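Here is a short note on the model shown below. Please read the points in order, with the structure in view.

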Amino acid sequence: MFVFVCVRCGFELTAPLSRVALPAHARQKYGNGLQLPVLMESGTFAVELEPWGPPWRRWGEIDPDEAAARGIYAPVHALSDGVSGAVVIAPGDIRGAVLIPEKRGGACCGFDGGDGPNMACAACGLPMASRIDDCSLWQAVWLAPDAVRRLPVEGADAGPLSWADLLTEGDGVPPSEPIAPWGEPFRAGDRWHWSPQWAAAAGQALAHLLVASNGRAVAVPDGLTARMFRHSLDTLLPTGGPRRRAAVAGPGQPAHEGADILLVPSHPQTGKTWTPAAPAASVSLVPLPFGVWLRLVFPEPQLPAPASGPIPDGVLRDDPPTPNVHDVFRVDWGVFQHTLARLPTVRTPWLRKIHDSLTQHKQLGLL
């Protein structure tokens, strides 16, 4: 467990926190004018290892060798020359900080951090964090790494849960949820959307799936997995020839003999990818956030038709099943491009061609 304090005066700025993996959707922008919830679970923090925030340089100003040295192997819109190691926490876990109202950035509905830190230490006035709450952005506080330092605190820290414990105690992420326009209260009639977390998870996993495909078509299981990936894979990869077979695997699941690609969970606390006990050398592992993976393995049952008549004796009333979303599932292409550009394999000609043609595919309505 740790607390973060001001580097200038030592004033305590957070509640006690334990470290978890940075979520796949941490930098996601979802939809237009939508009200997204809090990014981090209360009592946790995660670290962004890459530089982030102003000043920015466009890709044309960056030498490709410099970008490669930073782990970026294909063009991106811009690179940050900020400090690496930003720490993200839930807004409710900040202590002893005040807003700097004039530093809203380019936000239209709230704060977006575009002008640098918009929160200051209440004790000495040092700008030390960015509150993010603009529309279509996940609500969070990002602590500036050069303005805070981390101190251990006394308290029991049980360490990361085992995979078995996660299966028992972990929460699945529903594939759909109601999302209200920014600034409006949630209502029962709000439109149901595909979960932003699922869209981000699909974008991250699709980049790894393409690498694992070796340029060949990929067959994925029917159901939710197919809705997440099949259309994108069939659009971006050749449709002829033998297909590589993908399967969903993980702790407590049967082995998938003959599968070329395994969609497996990543640990929500450590970020480590689950690995089979005796993986075949030719099998590729594609990580999925644990909460999304859990719902793929144990989907919420849907009633075939509404029940009618009185409730039978011994049957308890429960919440209705989650409504289905009839829209086509769309991968988060921002997360996809961010992930693919950071995989060294993107430099191979066939994969670089996919990377560079993505905008054209979207303009033509193919994705």
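1. The accessible surface of the protein chain is about 18600 Å², and 54% of that surface belongs to carbon and sulfur atoms. Areas are from the Shrake-Rupley method with a 1.4 Å probe.

2. The model is predicted: local features need pLDDT of at least 70, side-chain atom pairs count only at pLDDT 80 or more, and totals for chains, interfaces and linings use all residues. Residues are numbered from 1 along each chain as its sequence is written, and side-chain values use heavy atoms, with hydrogens and water left out.

3. The protein chain has seven helices and 17 strands; these are DSSP runs numbered from the N terminus (helices H or I, at least four residues; strands E, at least two). Of its 367 residues, 43% count as buried, meaning under 20% relative accessible area with a 1.4 Å probe, protein chains only.

4. Helix H4 (residues 224-236) and helix H5 (residues 290-297) have axes that come within 8 Å and cross at roughly 120 degrees. H4 and H5 are therefore oblique to each other (65 to 115 degrees counts as roughly perpendicular, under 35 as roughly parallel, over 145 as roughly antiparallel, the rest as oblique). Leu224, Thr225 and Met228 of H4 touch Val292, Arg295 and Leu296 of H5, where contact means heavy atoms within 4.5 Å.

5. Helix H3 (residues 196-213) packs against H5 at about 95 degrees, with the axes 10 Å apart. H3 is therefore roughly perpendicular to H5. On the H3 side, Gln197, Trp198 and Ala201 meet Val292, Arg295 and Leu296 of H5.

Technical notes:
Axes fitted to C-alpha atoms, helices over the stretch in contact; angles between N-to-C directions. Buried < 20%, exposed > 50% of the residue type's maximum accessible area, 1.4 Å probe, protein only.
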